[in-house]
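Please take the sequence and the three-dimensional structure together, and follow the contacts between side chains before turning to the open spaces.

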Amino acid sequence: MSCAALLGLRGPRLLGTAAARPLRWSRRRSTGCEPPAGAAVRIGCASGFWGDTAAAVPQLLYGGKLDFLVFDYLSEITMSLLTAAKARSPVLGYTPDFVSAAMAPYIKDIHRKGVRVISNAGGINPLACAAALQEVAKKADVDLKIAVVAGDDLMSEKENLKGAGITDLESGKQFPESIHSMNVYLGARPISRALDLGADIVVTGRCVDSGIVLGPLIHSFGWNRDDFDLLAAGSLAGHLIECGAQCTGGIFTDWHAVPDWHNIGFPIVECSSEGEFILSKPPDTGGLISFGTVAEQLVYELGNPQRYLLPDVTCDFSEVSITEIPGFDGGAVKVHGAKGSPPSTFYKVNATYLDGFRATAVCPVGGPKAVQKGKRTAESILQRTRLIFSQLGYEDYSAVNIQVLGSEDTYGPHARRSIDGGPREAVIWLAVHHKQKEALEIFSREIAPAGTGMAPGLTGIVGGRPRVSPVLKPFFFYYPKSNVQINIFLNGQHVETFEEDLTFTSDEVVSFDPPKVSSELKDLPSGPHTYRLEDLAYTRSGDKGNSANIGVIARHPLYYPYLKKTLTAQALENYFQHLLEREKPEEELVTRYELPGIHGLNFVLKNSLGGGGVASLRSDPQGKALGQMLLDFQIKNVPDLKSLIE
């Protein structure tokens with residue numbers, strides 16, 4: 001049988017060339033098994049999370065000249081929400097926006113243009129998502145092959161795992177009793193196989209975010225399981241665009257330099273079979289692609305850049321380089337330098353378990369001494385509800401968090417206190433946790449009475465009476481790949497059980513030794529100047545569970561040695577000590593990693609998010625503002641660094 005027949009191809013289509021660009025090629029559209037020399041595949045990402053803008057699809061579909069359109073919807077928080085949704089109804093548990101807002105209005109043009117779609121919108125219930133999508137296709141009178149990759153759900157193994165001595169990767173806690181969901185982070189190979197089988201649309205449940213990009217690249221170029229550098233490059237392409245506009249100027253340190261947020265362009269990677277790729281965006285869109293915007297996204301939610309663990313490959317991004325390319329509308333960069341090594345024989349698993357309930361009251365307050373009024377109001381509400389709890393026999397709150405937004409509470413000792421009584425506008429943030437839902441319903445009813453019986457200037461409750469919701473905490477562990485059965489469905493019918501090949505895997509433990517301070521840093525010239533970090537670097541922060549990361553990238557290579565010398569792990573631990581929760585004496589809570597390829601540093605802050613995600617009562621449960629806070633860090637006793645680059 002011919003290669004084309006084996007792969008379920010639909011006939012040749014070789015796309016046009018451009019003077020500065022390689023040929024575009026897709027395995028499904030070519031008569032050969034191997035891409036022509038210099039061929040490239042174009043992949044656009046239209047969603048970085050559940051709730052992203054509907055404006056991304058038309059700009060990519062009509063202006064992106066795409067082979068593949070991908071959507072990333074899932075995070076640990078999203079999985080918790082989808083788990084709760086499926087508990088209410090067996091037909092829920094996927095992200096409905098993908099079907100109704102992203103696909104339904106454009107499904108005819110997606111079909112007409114031959115653009116293939118990959119999305120993890122299936123969440124907890126990918127078969128239900130595919131069924132809803134099939135109804136949309138039927139109503140539009142288009143014939144699409146819709147594949148589902150299933151097998152990430154481990155709930156059938158719950159009882160077997162309870163006595164297996166499994167502990168959480170972060171906290172070391174024992175396997176919970178009240179597990180609500182367990183989902184494996186699958187890799188890219190099942191997606192690639194679904195495309196090989198002729199799928200026009202591939203819907204997955206939980207998989208690694210970058211897999212929705214690596215999958216079509218494996219399919220298009222036939223990369224082997226031991227092509228580790230190529231797999232790392234494809235994973236890096238996915239890592240950079242999986243969050244949508246975050247690499248095209250969204251949340252950029254230099255936000256003021258990014259034009260037209262209302263029409264921000266979504267990212268496109270044009271990847272070659274050799275693993276190099278260009279990152280750009282559609283013409284006539286807003287946003288900005290530059291070294292800084294892309295380097296910031298490289299460090300987003302990163303741990304050890306030399307050991308970025310994925311199901312298909314272990315990546316080393318430490319020497320990745322990013323080079324700006326002139327002549328592209330809105331900017332473009334060339335990215336290369338990712339290295340790969342064998343992946344583990346284990347999958348990572350994200351489980352969720354019920355841990356009580358939470359509610360949050362958000363109330364603006366105005367007038368003189370707004371901060372003091374806000375704090376006293378919050379404390380009084382807690383006092384009153386605790387009195388009611390005592391009268392009715394309820395336990396005390398498990399946890400509470402009072403913040404007055406506008407007073408720089410989150411800055412701790414670095415807050416700038418205003419004179420004359422502080423700001424005249426503030427917002428009360430009062431979040432509580434309790435084991436019993438009924439207790440929090442009492443709390444919820446006792447917020448409004450503050451508007452008539454406590455401080456003047458309380459203007460209302462944002463969103464109305466606080467909603468009581470379950471707390472589904474994450475629990476992470478490793479699970480053998482050999483124990484996971486992955487099934488591929490096509491138009492509702494089971495067509496194949498995917499077998500994970502463990503030939504090219506390794507569980508060798510590689511220890512991490514923090515880099516020593518070199519003599520070069522010790523001998524750096526000093527001087528009388530002081531700079532804010534923002535003058536010298538870009539920053540970006542993100543989360544993984546209860547840990548946050550902060551990436552710092554030098555604005556110029558000559559600044560990098562001074563950043564390395566000053567921004568030690570201990571310096572950041574001291575700076576953020578008000579947010580870190582130490583569980584053991586002498587525990588080191590901050591680890592620093594280096595990315596010399598982009599002149600960057602990456603800091604991982606353990607136990608920094610108050611539980612993280614829906615478990616956290618803080619106003620910044622995902623650490624989004626930590627990088628911004630660090631911009632005020634002072635780099636002292638240095639020479640006139642700006643003169644070095646003039």
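The paragraphs below treat salt bridges, then pockets, then aromatic rings.

This is a predicted model, in which local features need pLDDT of at least 70 and side-chain atom pairs count only at pLDDT 80 or more, while totals for chains, interfaces and linings use all residues. Residues are numbered from 1 along each chain as its sequence is written, and side-chain values use heavy atoms, with hydrogens and water left out.

Side chains of opposite charge can pair when their charged atoms come close. The structure holds 26 salt bridges, each defined as a side-chain nitrogen of Lys or Arg within 4 Å of a carboxyl oxygen of Asp or Glu. One of them joins the side chains of E270 and R42, with 2.7 Å from N to O. This pair links distant parts of the chain, since E270 belongs to strand β7 (residues 268-272) and R42 to strand β1 (residues 40-45), 228 residues apart; helices (H or I, at least four residues) and strands (E, at least two) are DSSP runs, numbered from the N terminus. Both E270 and R42 are buried, where buried means under 20% relative accessible area, exposed over 50%, and partly exposed in between (1.4 Å probe, protein chains only).

A salt bridge also forms between E76 and R206, whose closest N and O atoms are 3.5 Å apart. E76 lies in helix α3 (residues 76-88) and R206 in the loop between β6 (201-204) and α9 (211-221), so the pair ties together parts that are 130 residues apart in sequence. E76 is buried at a relative accessible area of 14%, and R206 is buried at 2%.

Where does the largest pocket have its centre, in terms of the closest residues? The largest pocket has a volume of about 1600 Å³, and of the 48 residues that line it, G303, R307, L309, K348 and Y478 are the closest to its centre. For these terms, a 1 Å grid is laid over the protein atoms alone, and a pocket is an open set of points where a 1.4 Å probe fits, with protein on both sides within 12 Å along at least five of seven lines; lining residues have an atom within 4 Å of a point. Grid points are joined across faces, edges and corners, and a volume is the space filled by probe spheres set on the points. The lining of the largest pocket divides into 22 nonpolar, twelve polar and 14 charged residues, with Ala, Val, Leu, Ile, Met, Phe, Trp, Tyr, Cys and Pro counted as nonpolar, Asp, Glu, Lys and Arg as charged, and the others, Gly among them, as polar.

The second largest pocket holds about 880 Å³ of space and is lined by 34 residues, of which L81, R467, S469, P470 and V614 lie nearest its centre. Helix α3 gives the most to this lining, with eight residues.

The structure also holds 16 aromatic pairs, that is, rings of Phe, Tyr and Trp (its six-membered ring) whose centres lie within 6.5 Å, with planes under 30 degrees apart counted as stacked, over 60 as edge-to-face and the rest as tilted. The rings of F175 and F477 have centres 5.9 Å apart and planes at 80°, so this pair is edge-to-face. F175 is buried at 8% relative accessibility, and F477 is buried at 1%. Ring pairs also link F389, Y394, Y397 and F443 into a cluster.
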